[in-house]
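Subject: Handover of a structure, with findings

Dear colleague,

Please find below the structure that I am handing over to you.

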Amino acid sequence: QQAAAERETVATPEPESDERDGSEGPRYDSRGGDLTALWQDLAATAALDDTTVQGATASDLDAAENHTGYRWPDEVRELFRLQSGNIEIVPMFRLLSLDEAITTWDMWMQITDGLRERWPEGSAPDESAIRAAPAGSPAEVFVPELIPVADDASGTSLCVDTRAGSLHGCVAEYSASAGGSRPLWSSVSAM
């Protein structure tokens, strides 16, 4: 009962404007609730097998954070602690395991490096401005502050935005062809 009361009292941040198209974000602004409780409900109703619910260890999570160079939101650490990937959590997207998340992060960083080399002088997006923009702002290129948590197996990832700002921890879609979308969810638990 206490967890349910806490879920009801969590404030939703004011939506930020998406300067790219003038719309407000995130699209789904529910703050969700306690991720562990939500996960337990899902596990009970979806009959998840033991291999799916054996997540990462604290030392694995620390190593992943060190690899990306960023402190992850507690909710992202909790997500990877609770599960080991391959679960369709939203239509067409499956959760990644911690190893898959790091592999996907590395892939996006390599793609960005390759794009950077191909842009004509002076035409590349201003990565420092993208990195300095508040969480939830459009990202024309993948920046290290985006942490992949799910993918659709066709080149699009759902990423948690760890940049500073009122939408720190929001979930946005990222693809090489379209860049980063406005936030879809305000948090992992809302997703």
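In what order do the strands of the open sheet of six strands lie, and how do they pair? The order is β3-β4-β5-β6-β7-β8, and the pairing is antiparallel. Please note that this is a predicted model. At the edges of the sheet stand β3 (88–90) and β8 (179–185), each of which pairs on one side only. On average, and with direction ignored, neighbouring strands of the sheet are turned by 45 degrees against each other.

**The sheet, strand by strand**

Strand β3 is joined to strand β4 (residues 93–95) by two bridges, and the two run antiparallel. In this pairing, E88 stands opposite R94 of β4. Two bridges also join β4 to β5, again in antiparallel fashion; here L95 has A150 in β5 as its bridge partner.

Five bridges connect β5 to β6, which likewise run antiparallel. One of the facing pairs is D151 with S157 in β6. The two strands β5 and β6 form a hairpin with four residues between them. Within that turn, A153 has a positive phi of about 65 degrees.

Is β5 enclosed or open to the outside? Six of its six residues are buried, so β5 is largely enclosed by the rest of the structure.

Residue T156 belongs to strand β6 (residues 156–161). Why does T156 count as buried? Its relative accessibility is 14%, and the limit for buried is under 20%. Apart from neighbours within four places in sequence, T156 is in contact with F93, A150, D151, E173, Y174 and S175. T156 also lies 9.7 Å from G180, C-alpha to C-alpha, although 24 residues separate the two in sequence.

In helix α3 (residues 58–68), the buried residues are L61, A64, E65 and T68. They cover an arc of only 100 degrees around the axis, and therefore sit on the same side of α3. Among the elements that cover these buried residues are α4 (74–82), α5 and β5. After α3 comes G69, with a positive phi near 85 degrees.

In soluble globular proteins, nonpolar side chains tend to be buried together. In this model, the largest nonpolar core has 37 residues, of which W72, L158 and M191 touch the most other members. Two or more residues each come from α3, α4, β4, α5, β5, β6, β7 and β8. Helix α5 provides the largest share of this core, with six residues.

Which residues does W72 touch, beyond those up to four places away in sequence? They are L61, A64, E65, R77, F80, L98, I102 and I147. Of these, L61, A64 and E65 are among the buried residues of α3 named above.

**The aromatic cluster**

There are four aromatic pairs in the structure. One of them is formed by W108 and Y174, with 4.9 Å centre to centre and 85 degrees between the planes, an edge-to-face arrangement. Since W108 lies in helix α5 and Y174 in strand β7, this pair ties together parts that are 66 residues apart in sequence. W108 is buried, with a relative accessible area of 2%, and Y174 also counts as buried, at 3% relative accessibility.

Why is the pair of F142 and Y174 edge-to-face? The centres of the rings are 5.4 Å apart and the planes stand at 70 degrees, and planes over 60 degrees apart count as edge-to-face. F142 lies in the loop between α6 (127–132) and β5, whereas Y174 is in strand β7, so this pair ties together parts that are 32 residues apart in sequence. F142 is buried, as is Y174. Taken together, W108, F142 and Y174 form one aromatic cluster. Y174 is also one of the residues in contact with T156.

Yours sincerely

Note on methods: Residues are numbered from 1 along each chain as its sequence is written. This is a predicted model: local features need pLDDT of at least 70, side-chain atom pairs count only at pLDDT 80 or more; totals for chains, interfaces and linings use all residues. Side-chain values use heavy atoms; hydrogens and water are left out. Buried means under 20% relative accessible area, exposed over 50%, partly exposed in between (1.4 Å probe, protein chains only). Contact means heavy atoms within 4.5 Å. Two strands pair if DSSP finds at least two bridges between them. Axes are lines fitted to C-alpha atoms, for helices over the stretch in contact, and angles run from 0 to 180 degrees between N-to-C directions. The arc is that of the directions from the helix axis to the C-beta atoms. A nonpolar core is a set of buried Ala, Val, Leu, Ile, Met, Phe, Trp, Tyr and Cys residues joined through side-chain atoms within 4.5 Å. Rings of Phe, Tyr and Trp (its six-membered ring) pair if their centres lie within 6.5 Å; planes under 30 degrees apart count as stacked, over 60 as edge-to-face and the rest as tilted.
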